[in-house]
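Here is a short briefing on one protein model. Look over the sequence and the structure, then read the points below.

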Amino acid sequence: MGEMPVGVAAVCAGAVVWLMDGGQSGARRARLLLAGSGVVRAQPPPWERIPGELRRIRGRLRAEWWALAVGVALAVLGASVIPAVAGAAGVPLLRRVRLAGEARRARERRGDAVIALCSALAGEVRAGRQPGEALLRAAHDSGGLGSVQATVLAAARFGGDVPAALAGAARQPGADGLLGLAACWRVAVDQGAGLAAGLDRLEGALRADRDQRADLRAQLAGARATAVMLAGLPVLGLLLGAAMGADPLHVLLHTGAGLGCLLIGGVLEGVGLWWALRIVRGVETA
């Protein structure tokens with residue numbers, strides 16, 4: 001009788017494995033054959049697909065949710081709801097930081113695409129193509145026009161106002177260089193000046209500006225890292241206190257003096273970190 005639960009568990013496990021893999025393998029094989037591939041690729045067993053599933057789940061979880069996870073863990077350890085509330089309040093702040101970083105990287109990628117567009121367009125013009133045809137080829141190769149590429153390409157293909165379309169595309173963050181391209185296009189088409197020479201000068205100016213920003217960001221990385229490290233020193237103090245057996249969480253979360261210190265220290269910590277990063281961002285903007 002004692003072996004019956006083990007046997008039932010084995011049967012259930014086998015059924016789950018069959019449903020996850022074997023029950024769908026026939027359908028997958030049929031889809032592949034009907035698709036005309038003629039080759040059936042062996043699918044990995046379920047236990048080999050677990051790391052991929054974990055990576056997919058980790059990709060869906062944003063970094064800001066770690067604040068809530070840490071807050072809940074501290075709430076359990078300190079037997080208080082205050083860390084959980086603070087962690088929940090930190091989620092929108094960290095999301096804002098993450099979105100700002102993503103926007104900055106998108107601006108940088110768009111700026112690099114504009115530089116590539118100028119280089120490709122200059123090469124197409126030197127190859128003897130007309131400006132409209134050259135812009136069509138260069139835009140498809142570089143992708144520097146972003147979401148308004150269709151508007152600019154339509155203006156170039158059907159004889160529209162290409163400088164106005166480029167000026168509209170320059171409103172995208174990081175695509176300011178398209179204003180220079182629009183000016184080069186207007187001067188070259190209206191006054192007969194050399195478009196390739198103007199594009200070369202524009203590309204050189206955009207590259208110099210990008211390199212200057214990258215160099216400034218590298219010089220300010222130390223100041224930003226120092227500010228973040230100083231902001232993390234109170235956490236190190238809590239860990240040292242816990243290692244010494246002082247129970248700092250109980251003092252901070254369950255005594256009046258501790259709650260006052262926690263409130264004042266948290267406010268000063270946040271204001272100090274905000275002020276230091278504001279100084280760094282001000283220097284970058286200037």
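A residue is called buried when its relative accessible area is under 20%, exposed when it is over 50%, and partly exposed in between, using a 1.4 Å probe and protein chains only. By that rule Cys184 is buried, because its relative accessible area is 19%. The model is predicted, so local features need pLDDT of at least 70 and side-chain atom pairs count only at pLDDT 80 or more, while totals for chains, interfaces and linings use all residues. Residues are numbered from 1 along each chain as its sequence is written, and side-chain values use heavy atoms, with hydrogens and water left out.

**Overall build**

- The protein has 12 helices and zero strands; helices (H or I, at least four residues) and strands (E, at least two) are DSSP runs, numbered from the N terminus.
- Of the 286 residues, 24% count as buried.
- The protein exposes about 18,500 Å², and carbon and sulfur atoms supply 66% of that area; accessible areas come from the Shrake-Rupley method with a 1.4 Å probe, and for residues only the protein chains shown count as cover.
- Among contacts (heavy atoms within 4.5 Å) between residues at least 6 apart in sequence, 51% join residues at least 24 apart.

**Nonpolar core**

- A nonpolar core is a set of buried Ala, Val, Leu, Ile, Met, Phe, Trp, Tyr and Cys residues joined through side-chain atoms within 4.5 Å.
- The largest nonpolar core has 31 residues, of which Leu121, Leu135, Leu178 and Leu181 touch the most other members.
- Two or more residues of this core come from each of α4, α5, α6 (149-157), α7 (162-169), α8 (177-191) and α9 (195-231).
- In soluble globular proteins, nonpolar side chains tend to be buried together.

**Nonpolar surface patch**

- Leu263, Ile264, Val267, Leu268, Val271, Trp274, Trp275, Ile279 and Val283 form a nonpolar patch on the surface, with about 920 Å² of accessible area together.
- Patches are made of residues with over 30% relative accessible area and no salt bridge, where like charges are joined within 9 Å and nonpolar side chains (Val, Leu, Ile, Met, Phe, Trp, Tyr) within 5 Å.
- Val267 is found in helix α12 (residues 256-285) and counts as partly exposed because its relative accessibility is 48%.

**Salt bridges**

- A salt bridge is a side-chain nitrogen of Lys or Arg within 4 Å of a carboxyl oxygen of Asp or Glu, and by this rule the count comes to 13.
- Arg95 and Glu64 form a salt bridge, at 3.5 Å from N to O.
- Arg95 lies in helix α4 (residues 82-126) and Glu64 in the loop between α2 (46-60) and α3 (65-78), so this pair ties together parts that are 31 residues apart in sequence.
- Glu64 is buried, at 2% relative accessible area, whereas Arg95 is partly exposed, at 30%.
- Arg104 and Glu108 also form a salt bridge, at 3.1 Å from N to O; they are four residues apart in helix α4, so about one helical turn separates them.
- Arg137 forms a salt bridge with Glu133, the closest N and O atoms being 3.7 Å apart.
- Both Arg137 and Glu133 lie in helix α5 (residues 131-142), four residues apart, about one turn of the helix.

**Cysteines**

- The structure holds zero disulfides, a disulfide being a pair of cysteine sulfur atoms within 2.5 Å.
- Cys184 is in no disulfide, and the nearest cysteine sulfur, that of Cys118, is 7.5 Å away.
- Cys261 is exposed, with a relative accessible area of 51%.
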